[in-house]
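Subject: Structure handover and notes

Dear colleague,

My notes on what was found in it follow after that.

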Amino acid sequence: MYRFRHYLLLLGVMTLLPSTALAAKERSVEAPGPQGVVAGTFLDAGAKKPVVLLFPGSGANDRNGNSLTSIKPATLRLLAEGLAEHGISSVRIDKRGMFGSARAIPDANNVTIHDYVMDVQSWINTIQHQTGVSCVWVAGHSEGALVALASASSVKPLCGLILLSAQGRPPGEVLRSQLHAEPGAQVILPQIDGALNDLEAGKTVDPQTLHPGLRALFRPAVQHYLIDEMHYDPAKLAGAYQGPMLLVQGGRDAQISPVADFAPLKAAAPKADALYLPDANHMLKDVQGTDKADFMKAYTDSTVPLDPKLVPHIAEFVLNH
């Protein structure tokens, strides 16, 4: 009986969706990668509709914005579905070496930001070939926003950038502030700062010399990627890009600072459109009060919706350009 009622409820909800959402069709899509294809999901809102390429954040996050851990907010899937309701198509992707893109390279850690930029160009070529659109929007979440910014000077044809929970400082500075804010970190601050200073200088670190709690973060497999990433300054990249740009920041983001990150991006790109969501966390979902369970639910429960202002604002931005 429960399943039957659930089915009726689902049908009722579907009848309330805009016609563009009902018309949207989802299918798998592939683009050329270095040693094998990179894979994604194309949510097609219709012929000649704008297309947004969605690039996920750091680590093992899949095309939907979910990780291998309990962190499964499905931010990118929810965003894609919301945009489809407004007549905007999207392609959300797995990064090279991960999930559906595992064949692209044998080691997902053996990458650089430039490698990801090359993948963005490959996706733009594929999207153009399959849809005939004149240009593609690139949207990145968290570290994916840095990839979007790094892409801006070279990928073509680019409609514009959508930067979601984007860092506004060089990655080493962001990581340093995140680690300094960890409870109990005061006793190992010299090791944290020493390791980050070495990586920023292009030097590798011996994890065995570090506190056990730091060894996984600074494991050898990821150090070369961290060294490469730390060369990029998001604010400088934002200031150099002259095309349409939307900056989105949550006021309750515990990973990216509205003051130390969002403000420098806005200052560097004063002509950019900016959306500040005071109640949204890093996953762009609203968090009310200080209850830890509610805070974690926004990270672990994909049924928690995105901030209600997010999708309409992005859609208006895209459609008006």
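Please keep in mind throughout that this is a predicted model. I begin with the charged pairs, then turn to the disulfide, the nonpolar cores and a few backbone details.

Glutamate 30 and arginine 103 form a salt bridge in which the closest N and O atoms are 3.3 Å apart. This pair ties together distant parts of the chain, since glutamate 30 sits in strand E1 (residues 25–31) and arginine 103 in the loop between strand E4 (89–93) and H4, 73 residues apart. Glutamate 30 is partly exposed, with a relative accessible area of 44%, whereas arginine 103 is exposed, at 54%.

The structure holds nine salt bridges, and another of them joins glutamate 81 to arginine 77, with the closest N and O atoms 3.2 Å apart. These two residues are four apart in helix H3, so about one helical turn separates glutamate 81 from arginine 77. Helix H3 itself is mostly covered, with eight of its 11 residues buried; among them are Thr75, Leu76, Leu78 and Leu79. Just after H3, glycine 87 adopts a positive phi of about 80°.

Which side chain of opposite charge is nearest to aspartate 62, a buried residue without a salt bridge? It is lysine 72, at 6.5 Å, and the pair does not count because a salt bridge requires the nitrogen and oxygen atoms to be within 4 Å. Aspartate 62 is placed in the loop between strand E3 (51–55) and helix H3 (75–85). Apart from neighbours within four places in sequence, aspartate 62 is in contact with Pro56, Ile93, Asp94 and Phe99.

The model has one disulfide, which joins cysteine 135 to cysteine 159 at an S to S distance of 2.0 Å. The torsion about that S-S bond is about 105°, so the disulfide is right-handed. The two cysteines come from distant parts of the chain, 24 residues apart, with cysteine 135 in the loop between helix H4 (113–131) and strand E5 (136–141) and cysteine 159 in strand E6 (residues 158–164). Cysteine 135 is partly exposed, with a relative accessible area of 22%, while cysteine 159 is buried, with 12%.

As for the interior, nonpolar side chains in soluble globular proteins tend to be buried together. In this model the largest nonpolar core has 44 residues, and those with the most contacts inside it are Leu53, Val91, Leu161, Leu163 and Met245. H4 supplies the largest share of this core, seven residues. Leaving aside neighbours within four places in sequence, the contacts of methionine 245 include Leu161, Leu163, Ala238 and Phe317. There is also a second, separate core of 29 residues, which includes Val52, Ala74, Leu164 and Ala315.

The peptide bond from lysine 156 to proline 157 is cis, with omega near -10°, and proline 157 lies in the loop between helix H5 (143–151) and E6. Lysine 48, in the loop between strand E2 (38–44) and E3, has a positive phi near 65° and counts as exposed, with a relative accessibility of 62%. Serine 165, in the loop between E6 and helix H6 (171–180), has a positive phi of about 50° although it is not a glycine, and at 0% relative accessibility serine 165 counts as buried.

With best regards

Notes. Residues are numbered from 1 along each chain as its sequence is written. This is a predicted model: local features need pLDDT of at least 70, side-chain atom pairs count only at pLDDT 80 or more; totals for chains, interfaces and linings use all residues. Side-chain values use heavy atoms; hydrogens and water are left out. Buried means under 20% relative accessible area, exposed over 50%, partly exposed in between (1.4 Å probe, protein chains only). Lys and Arg count as positive and Asp and Glu as negative; His and the chain ends are not counted. Contact means heavy atoms within 4.5 Å. A disulfide is a pair of cysteine sulfur atoms within 2.5 Å. A nonpolar core is a set of buried Ala, Val, Leu, Ile, Met, Phe, Trp, Tyr and Cys residues joined through side-chain atoms within 4.5 Å.
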